[in-house]
Amino acid sequence: MGSSYSSHLQRADQKRGGKKETEREKKKKILAARRKALNIDHLNEDKLKDKINELHEWMTQLESEKFDHMERLKRQKYEVTTLRKRVEELSKL
C-alpha cells in the first residue's frame, strides 16, 4: 500500500480480499495514465496562457464526460427501479 494510507485502511483492505485490490489497482493505472506532468517552470507568459487554455479544455472535456456518466447512471437507476416495481406487481398476480 502507498504511504498515504493509514494503518486502519491498510487493515481494512487486507480483510476485504483480492477483488477490491484489483479494482483499486485498475483505478490507479487509469489515473496514472490520465495524470499529466505539469512542466511549466521554463514557459514564458504566452506559453503559460496556451497551457492554461489546454488544461481548461481538458478539464471541460472531463467534466462533460462526468456529466454524461452521471446522467446515464440516473437513467439506469430509474430503469432498474421501474423494472423492479413491474416484477413485484407481476409476482403479486
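Predicted model: local features only at pLDDT ≥ 70, side-chain atom pairs only at ≥ 80, totals over all residues.
Asp and Glu count as negative, Lys and Arg as positive, while His and the chain ends are not counted; the place of a charge is taken as NZ of Lys, CZ of Arg, CG of Asp or CD of Glu. A salt bridge is a side-chain nitrogen of Lys or Arg within 4 Å of a carboxyl oxygen of Asp or Glu.

Residues are numbered from 1 along each chain as its sequence is written. Local features need pLDDT of at least 70, side-chain atom pairs count only at pLDDT 80 or more, totals for chains, interfaces and linings use all residues, and side-chain values use heavy atoms, with hydrogens and water left out.

Glu54 lies in helix α3 (residues 45–92), and Lys51 also belongs to helix α3. Helices (H or I, at least four residues) and strands (E, at least two) are DSSP runs, numbered from the N terminus. Lys51 is buried yet lacks a salt bridge; Glu54, the nearest side chain of opposite charge, is 4.1 Å away. Buried means under 20% relative accessible area, exposed over 50%, and partly exposed in between (1.4 Å probe, protein chains only). Glu54 is partly exposed, at 38%. Leaving aside neighbours within four places in sequence, Lys51 is in contact with Ala37, Leu38, Ile40 and Leu43, contact being heavy atoms within 4.5 Å.

| Chain property | Value |
|---|---|
| Helices and strands | 3 helices, 0 strands |
| Pattern along the sequence | α-α-α |
| Buried residues | 3% of the 93 residues |
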